[in-house]
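Hi,

Here is the structure I promised to pass on. Have a look at it first, and then read my notes below.

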Amino acid sequence: MKTKDITQKIGFAALFTCMLVTLFFLGAIIYFIAARGIKVISWEFLTQIPRGGMTQGGVAPAIAGTLYITLGAIAVSLPLGLACAIYLCEYSPKGIFVNIIRMSINNLAGVPSVVFGLFGLAVFVKLFGFGVSILSGSLTLGILALPVVISATQEALTAVPHSLREASLALGATKWETIKKIVLPTALPGILTGIILSVGRVAGETAPILFTAATFYTRRYPDSVFSEVMALPYHIYALMTEGTHPEEQTAIAYGCALILLVLVLAVSGAAIFIRQRQRTQNA
Amino acid sequence: MHNNIKMKAEGVDFFYGPRQALKNINLDICEKHVTAIIGPSGCGKSTFIRLLNRMNELIPNASLKGRILLDGEDIFEESVDAVEIRRRVGMVFQKPNPFPKSIFENVSYGLHVNGVKDNKLIERRVIASLEKAALWSDIKDRLHESALKLSGGQQQRLCIARCLAVEPEVILFDEPCASLDPISTGKIEELIMELKKYYTIVIVTHNMQQAARISDHTAFFLLGELIEMGETQGIFTAPRDKRTEDYITGRFG
């Protein structure tokens, strides 16, 4: 009895410690980025263009660039991924063929992002002639986000009870009406989770936009999808590796990191809010 | 049987892949009567009832021989639309399966998918259906609350209301009380007896007392075969087949 109790206590203690360590790193990341980044954050920093060889002014074009590219990537991956997942889940005949497709999609998720970058350079920038632009970057990041969107959507669709589909069909609804009016709304919270995850991944990616969308410095805001843009992740990278005023540049890099962090958290927060509201409405 | 025959199975064989689930079923379902289908688990009674509104089509590798007639017309004929059959032949399932929507939306759903656009008409039909399903007085103040907040028995009555809203001619009940307590079961049974004035009803049940209480005709299935069918009273008091007698007296099942 006693040794059993002790084993149990040690078990709990070990699990609790691991949880604490994880929490510590999470807290440390937020603390260090916030503490260093907050020093340079000001209204000017958020709204001005960079000046003085990256040591003064703000990073507004990089914020705008990141927003454009991220929105573009979602616009690419959402309809494609949703349609693909619906087809795979609801329409495709089950069998080896579909399993191979599913496996390929999962493998796509494991491909290093710099490979996507090279692919984007070869196909969108050169072959299609979109140049280094928002369009090329959005397409590249969109494809990068596809597997996340597809597998999350598939999971959410599979989780919708079969009995609901039957109920709908038994009332004289067609398969498409059933998917549109019953299955998709029920799966929505799960699908949103997938989108949150992909937004987080897409907004912070550096490698895929390195060759396809980002530029180190521009004084202009983008005026079309064919403009090249500054972007926060790449801007951080550039500040830390190039230029001649490392001290000022490092401070600005932390500022950018903080903005990126807040942006991703804000998107996640909004999506979680929507998801939660949906859930309480349904429950 | 001298009544009008609403549905008819003629020489029905049904296969799940190589496995035969139904063997040469011949059975008449009378208009505005309750037909109960009884039998032990795996005897093919659920398989059979799901043929009557073509729900088994959703299963891959299933195949059917023979004919199932609705008002004399073969519902598996190529020119016949399964969606239209399912509107005419409604179904209430074993476990209550309301949509994760409001009570009102649950009932109006079938009207929307069947192209009813007039909101006044939809509202009238929703209320009438809820009244017919004996649910209206329970929920009239919370029509727009989630259907998932209702109790199991209320959910099942909501599913019945949802089915009534599209004005089917036949209603199939696939063990509708399997997951309900005795009081809710009693309410559903009363409701079925009331509904048979307007609808043709087929009910699959594990519960022989239930079949005896509410049905006019009873069919006994065993291992995919229809062993015996007739007036409920006759089946329960003087079964012709030894196997029927063994089953209803509880010797197996």
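**Confidence first**

Chain B averages a pLDDT of 91, and 98% of its residues score at least 70. For the complex, the predictor gives an ipTM of 0.89 and a pTM of 0.81.

Some bookkeeping: residues are numbered from 1 along each chain as its sequence is written, and chains are lettered from A and ligands numbered from 1 in the order in which they are written. As this is a predicted model, local features need pLDDT of at least 70 and side-chain atom pairs count only at pLDDT 80 or more, whereas totals for chains, interfaces and linings use all residues.

**Chain B**

Chain B has 10 helices and 10 strands. Its radius of gyration is 18 Å, close to the 18 Å that the globule rule gives for 253 residues, so chain B is as compact as a globular protein of that length. (The radius is taken over C-alpha atoms, and the rule is 2.2 Å times the number of residues to the power 0.38.) Buried residues make up 46% of the 253 residues in chain B; a residue is buried if 20 or more other C-beta atoms, placed from the backbone, lie within 10 Å of its own, exposed if 12 or fewer, and partly exposed in between.

On the strand side, S1 (residues 5-16) and S4 (residues 62-70) of chain B pair in the antiparallel sense over eight bridges, where pairing needs at least two bridges found by DSSP. S4(B) and S5(B) form a hairpin with two residues between them, and Asp71(B) in the turn has a positive phi of about 50°.

**Where the chains meet**

The contact takes 20 residues from chain B and 16 residues from chain A, with two residues in contact if their C-beta atoms, placed from the backbone, lie within 7 Å. Helix H2 (82-88), strand S6 (89-92) and helix H3 (103-113) of chain B each supply at least two residues of the side that touches chain A.

**Chain A**

Chain A has 11 helices and two strands, and 37% of its 283 residues count as buried. Along its principal axes, its C-alpha trace spans about 70 × 65 × 35 Å.

Helix H4 (residues 96-110) of chain A is hardly covered: the count of buried residues among its 15 residues is zero. By contrast, Ala187(A), found in helix H8 (residues 175-204) of chain A, is buried, with 23 other C-beta atoms within 10 Å. Not counting residues up to four places away in sequence, Ala187(A) touches Ala156(A), Leu157(A), Ala159(A) and Val160(A). The C-alpha atoms of Ala187(A) and Glu248(A), 61 residues apart along the chain, are separated by 48 Å.

Technical notes: Helix = DSSP H or I, 4+ residues; strand = E, 2+ residues; numbered from the N terminus. pLDDT = per-residue confidence, 0-100.
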